[in-house]
Amino acid sequence: MSEKFETGQIIEGKVTGIQPYGAFVALDDEVQGLVHISEVTHGYVKDINDHLSVGDQVKVKILQIDEEKNKYSLSIRATEEAPKKPEANRQKSNTAVQQDNQQAGFNTLKDKLEEWIEQSKERENTYKN
């Protein structure tokens, strides 16, 4: 096992292979690790080939080292700042959803429950009579 690498370290590597589940990145001539598809970028990655190609130079962070199996878990997205969503847009969208729900006739569970209990009592009385 190479002692020159450690968990948390950020280094440059070269993509040596791509599979549907992730990309293999060489850290040096002896050590390579796997960037799982979920660690390629922030957000959903449907096809890793849309983001990486063999031969690409990438910056990776070492997430985990399994010395017994000689496996390195790597992340590209951990080296990038997460995209920020504007707070105002998030609040607007939540408010818009709530207004849509109210306009669509959604009631709180409590209100619906009271209505269902009343309906149930009415049915019981109908069947008893």
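Q: This is a predicted model. Why does Phe24 count as partly exposed?
A: Phe24 has 24% relative accessibility. Buried would need under 20% and exposed over 50%, so Phe24 lands in between and counts as partly exposed.

Q: And what makes Tyr21 partly exposed?
A: Its relative accessible area is 41%.

Q: How many aromatic pairs does the structure hold?
A: Two.

Q: Why is the pair of Phe5 and Tyr72 called edge-to-face?
A: The ring centres of Phe5 and Tyr72 are 6.1 Å apart, and their planes sit at 90 degrees. Pairing needs centres within 6.5 Å, and edge-to-face needs planes over 60 degrees apart, so this pair passes on both counts. Phe5 lies in the segment before strand 1 and Tyr72 in strand 5, 67 residues apart. Both residues are buried.

Q: What makes Tyr21 and Phe24 a pair, and why edge-to-face?
A: Their ring centres are 6.4 Å apart, which is within the 6.5 Å limit, so they pair. Their planes are at 90 degrees, so the label is edge-to-face.

Q: How do you know that strand 3 and strand 5 pair?
A: Two bridges join them, and pairing takes at least two, so they qualify. These strands run parallel, with Val35 opposite Leu74.

Q: What about strand 4 and strand 5?
A: They have five bridges, in the antiparallel sense. Gln64 has Ser73 as its bridge partner. Four residues lie between these strands in their hairpin, where Asn70 takes a positive phi near 55 degrees.

Note on methods. Residues are numbered from 1 along each chain as its sequence is written. This is a predicted model: local features need pLDDT of at least 70, side-chain atom pairs count only at pLDDT 80 or more; totals for chains, interfaces and linings use all residues. Side-chain values use heavy atoms; hydrogens and water are left out. Rings of Phe, Tyr and Trp (its six-membered ring) pair if their centres lie within 6.5 Å; planes under 30 degrees apart count as stacked, over 60 as edge-to-face and the rest as tilted. Buried means under 20% relative accessible area, exposed over 50%, partly exposed in between (1.4 Å probe, protein chains only).
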